[in-house]
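Q: I am new to this structure and would like to be walked through it. Could we look at it together?

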Amino acid sequence: MKKVLFICGSLRRDGFNMQLLRLASERLPASCSWSFLSYGDLPLLDQDKEFPAPAAVARVRAEVAGADALWIGSPEYNHSYSAALKNLVDWLSRPVEPGDYSTAAGRGKLVAISSAAGASGGAFSLAKLRELLVMLGCTVLEEETRIPLGKRFGQTALALLPEEEAMLERECSALIARLAD
Ligand SMILES: Cc1cc2nc3c(=O)[nH]c(=O)nc-3n(C[C@H](O)[C@H](O)[C@H](O)COP(=O)(O)O)c2cc1C
């Protein structure tokens, strides 16, 4: 059974990106198990406090290490990803054993990315996130889902348009195919 770990870059419990990730999780086949990463308790990265890793960091690293793929839902904050997500990625980029980067939980992972945001549908955020993840040796799916929220900003529930449903389906299919490789 392949494991997918969903990571929302927005710490809001029911924000649009969390809702989009939930919709993605509902589209995964029974051959996949999935869970959502809770990381709101991560401290800000401080090199004075890296070794031994704080308990929250160790827990998050174990969850990431145990996943066959990550699916990151990134909000767009000032044309970039959120500070919370960058802090998480920074922790995951660091070695568990000092100096041995092969022990870093977040390097070289298979990652799917998506965003729900303003007019760009999160295109700026996703471009920067992709660059960051590629720099860390991750394989980032070419398929990505971008949802321009527009008038939906005033609503609470995220309803997808047919073409957005199709985009999400394509991304899920691409991820499933890569997991089967
Ligand atoms: C600090 C901050 C900066 C933002 N900057 C942008 C932006 O550059 N582009 C954009 O489309 N939306 C921007 N937004 C709006 C977010 O895309 C919007 O709040 C979105 O719903 C956040 O995702 P969430 O619903 O998953 O929490 C910004 C929001 C915040 C809080």
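Q: Which residues touch the most other members of the largest nonpolar core?
A: This is a predicted model. Its largest nonpolar core has 28 residues, and those touching the most other members are Ile7, Leu85, Leu88 and Leu129.

Q: Which helices and strands each supply at least two residues of this core?
A: They are strand S1 (2-8), H2, strand S3 (69-73), H3, S4 and helix H4 (123-135). Helix H3 gives the most, with 5 residues. In soluble globular proteins, nonpolar side chains tend to be buried together.

Q: Now the ligand. How many residues surround it, and which are the closest?
A: The ligand is surrounded by 14 residues, the closest being Ser10, Arg12, Asn17, Asn78 and Gly118. Sorted by class, this shell holds 6 nonpolar, 6 polar and 2 charged residues.

Q: Which atoms of serine 10, arginine 12 and glycine 118 lie by an oxygen atom of the ligand?
A: For serine 10, a polar side-chain atom lies 2.6 Å from an oxygen atom of the ligand. For arginine 12, a polar side-chain atom lies 2.5 Å from a ligand oxygen atom. Glycine 118 instead places a backbone N or O atom 2.7 Å from an oxygen atom of the ligand.

Q: And how much of the ligand does the protein bury?
A: The protein buries 71% of the 620 Å² that the ligand exposes when taken alone.

Q: Is glutamate 50 buried or exposed?
A: Glutamate 50 has a relative accessible area of 2%, so it is buried, the cut-off being under 20%.

Q: What about arginine 152 and glutamate 164, how far apart are their closest N and O atoms?
A: Those atoms are 2.7 Å apart, and the two residues form a salt bridge. Arginine 152 lies in the loop between strand S6 (145-148) and helix H5 (162-180) and glutamate 164 lies in helix H5, so the pair ties together parts 12 residues apart in sequence. Both residues are buried: arginine 152 has a relative accessible area of 10%, and glutamate 164 has a relative accessibility of 4%.

Q: Which residues do salt bridges with shared partners join into one network?
A: Arg27, Glu165 and Glu169 are joined in this way.

Q: Turning to the backbone, which residues does a cis peptide bond join?
A: It joins phenylalanine 51 and proline 52, with omega at about 0°. Proline 52 is found in the loop between S2 and H2.

Q: Back to asparagine 78, what is its phi?
A: Asparagine 78 has a positive phi of about 50° although it is not a glycine. Most residues other than glycine have a negative phi, and most peptide bonds are trans.

Q: Where is asparagine 78, and is it buried or exposed?
A: Asparagine 78 lies in the loop between S3 and H3. With a relative accessible area of 79%, asparagine 78 is exposed. Histidine 79 lies in the loop between S3 and H3 and has a positive phi of about 60°. Histidine 79 counts as partly exposed, at 40% relative accessibility.

Definitions and conventions. Residues are numbered from 1 along each chain as its sequence is written. This is a predicted model: local features need pLDDT of at least 70, side-chain atom pairs count only at pLDDT 80 or more; totals for chains, interfaces and linings use all residues. Side-chain values use heavy atoms; hydrogens and water are left out. A residue is near a molecule or strand if one of its heavy atoms lies within 4 Å of it. A polar contact is a pair of N or O atoms within 3.5 Å; within protein, one must be able to donate a hydrogen and the other to accept it, and residues adjacent in sequence count only if both atoms are side-chain atoms. Accessible areas come from the Shrake-Rupley method with a 1.4 Å probe; for residues, only the protein chains shown count as cover. Ala, Val, Leu, Ile, Met, Phe, Trp, Tyr, Cys and Pro count as nonpolar, Asp, Glu, Lys and Arg as charged, and the others, Gly among them, as polar. Buried means under 20% relative accessible area, exposed over 50%, partly exposed in between (1.4 Å probe, protein chains only). A salt bridge is a side-chain nitrogen of Lys or Arg within 4 Å of a carboxyl oxygen of Asp or Glu. Helices (H or I, at least four residues) and strands (E, at least two) are DSSP runs, numbered from the N terminus. A nonpolar core is a set of buried Ala, Val, Leu, Ile, Met, Phe, Trp, Tyr and Cys residues joined through side-chain atoms within 4.5 Å.
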